[in-house]
Amino acid sequence: MTDTTGAGAATGPIDGGVPTGSALVSADWLRHHAAEVVILDASIRRGTGDEPPFADGRADFEQGHIPGARFADLFRQFSDGTSPFPFMRPTADQIRSVTAESGITDESVVVVYDRLSGAWAARVWWVLRSYGFERTFVLDGGLTAWTDAGLPVETGAAQPVSVTAGVTPRDRPGFFTGLPEVRALSEQPDPARPVVCALRLPDYLGDPDRPGSGHIPGSINLPYPDTLDEHGRHDPARTRDLVAALGLPDASTPVLYCGGGINAAGLALALHEIGRGDVTVFDGSLSEWRADPTLPLQIGAAELSGAAEVSGAAEVSGAAEVSGAAEVSGAAELSGAAEPGGVAEPGGAAAPPGRDGCAHREPQRS
């Protein structure tokens, strides 16, 4: 897949009506341009106690959202509800329908946010881009960045909008891939198509005492939460350090996965911001991989071979810790304790159907 936007610092998504290189906007930019864009709230509710792990975030939306925002339902509208796996890419007809109901046209500029790690917003961004709609951006830091800036929220249901014809979906190959390709890459790694797990390190390594834990054999680990700073905002310098430590070839097209394709979308956004837009997402991720009892899961560090090899001094040790001259600095080192800013660990082992397997929690506020 060829990235069409490039990367680089941008003051905002509108530059003479043409999207700029960055897919991120700041809370301050959105404050000044809110009337010119469609704002989507992609919040998901994280369950506590006996509640389901993830649920429709509409109740949280109604308790407080950015003024003028419209709710983006990742369970029923921005995912294929007919799939046995959660959060799968919706159909073109679904995209046409949900954008029409949200008042979005081909000429609209859309800004998406959530109230967790930003991966849910990134999923909507990735899905819309996969259907040719490039005018989608993510609020860096999400609702937390908005409220930390002292900006107001409103409560209640979304304001009524005029239904439009919706966007014109144009299916773009390369944004998503499926189980057959990932299975082939696991069995015979290809340096040009490294398989990269976006889960946090403990979940990637797995636990022999937790059935169904571990990672796809042959895959390497680049945790999406580790690309964020202590405020839960994208940190391109940190992402570059992590990519350099893994030794991902510049010419490669990484295949990203996680529990259910959510953190993988977040990692796709992080890589886009450093000019690595040529990536694809394994849509079913571990939800689909685990559903086939014949497919293995690896516990512990990846064996270094082919696509998973880390170049030069950045050798991955038995504990999957980055060492040597290319060691990532303390704030972003790949270790179980290194969760930037308390940003969430993506989900644990053997996530049952309906779980993303990519849990998140709000970034801690400083």
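Begin by selecting Ser43: beyond its neighbours within four places in sequence, Ser43 is in contact with Gly57, Phe71, Tyr113, Asp114 and Arg115. The model on display is a predicted one. Ser43 belongs to the loop that runs between E2 and strand E3 (44-46). Is Ser43 buried or exposed? Its relative accessible area is 1%, and because buried means under 20%, Ser43 counts as buried.

Next, display the side chains of Asp41 and Arg115 together with that of Ser43. The side chains of Asp41 and Ser43 are joined by a polar contact of 2.5 Å. A polar contact of 2.6 Å links the side chain of Ser43 with the side chain of Arg115.

**The sheet that contains E2**

Now select the strands E1, E7, E6, E2 and E5. In that order they form an open sheet of five strands with parallel pairing. Strand E1 (24-25) and strand E5 (70-71) are the edge strands, each pairing on one side only. Helix H4 (residues 119-130) packs on this sheet, where H4 touches strand E2 (38-41), strand E6 (110-113) and E7. The direction of H4 makes about 170 degrees with that of E7.

Move to strand E7 (residues 136-139), which pairs with E1 in the parallel sense over two bridges. Which residue of E7 is the bridge partner of Val25? It is Leu139. E7 also pairs with E6, again in the parallel sense, over three bridges. To inspect that pairing, select Val112, which stands opposite Val138 in E7.

Show the side chains of E7 as well. In a regular strand, side chains alternate between the two faces of the sheet. In E7, Thr136 and Val138 point one way, while Phe137 and Leu139 point the other way; all are buried. To follow the chain through this region, select E6, H4 and E7 together: they make a right-handed β-α-β unit.

**Helix H3**

Select helix H3 (residues 92-101) next. Which residues of H3 are buried? They are Gln94, Ile95, Val98, Thr99 and Ala100. With H4 still displayed, note that the buried residues of H3 pack against H4. Just after H3, select Gly103, which takes a positive phi of about 75 degrees.

**The nonpolar cores**

For the next view, select Leu40, Phe78, Trp126 and Leu267. Within the largest nonpolar core, which has 71 residues, these four touch the most other members. H4 gives the most to this core, with nine residues. Another core, of 18 residues, lies apart from it; Phe61, Ile66, Trp146 and Leu151 are among its members.

**A further sheet**

Finally, select strands E8, E12, E11, E9 and E10. These five strands, in that order, form an open sheet with parallel pairing. Strand E8 (176-177) and strand E10 (220-221) stand at its edges; each has a single partner strand, so one side of each is left without a neighbour in the sheet.

End the tour at strand E9 (residues 195-197) and strand E11 (residues 255-257), which run parallel and are joined by three bridges. Select Val196 to see the residue that stands opposite Leu256 in E11.

How values were computed. Residues are numbered from 1 along each chain as its sequence is written. This is a predicted model: local features need pLDDT of at least 70, side-chain atom pairs count only at pLDDT 80 or more; totals for chains, interfaces and linings use all residues. Side-chain values use heavy atoms; hydrogens and water are left out. Two strands pair if DSSP finds at least two bridges between them. Helices (H or I, at least four residues) and strands (E, at least two) are DSSP runs, numbered from the N terminus. Contact means heavy atoms within 4.5 Å. Axes are lines fitted to C-alpha atoms, for helices over the stretch in contact, and angles run from 0 to 180 degrees between N-to-C directions. A nonpolar core is a set of buried Ala, Val, Leu, Ile, Met, Phe, Trp, Tyr and Cys residues joined through side-chain atoms within 4.5 Å. Buried means under 20% relative accessible area, exposed over 50%, partly exposed in between (1.4 Å probe, protein chains only). A polar contact is a pair of N or O atoms within 3.5 Å; within protein, one must be able to donate a hydrogen and the other to accept it, and residues adjacent in sequence count only if both atoms are side-chain atoms. A crossover is right-handed if, with the strands pointing away from the viewer, the path from the first strand over the helix to the second runs clockwise.
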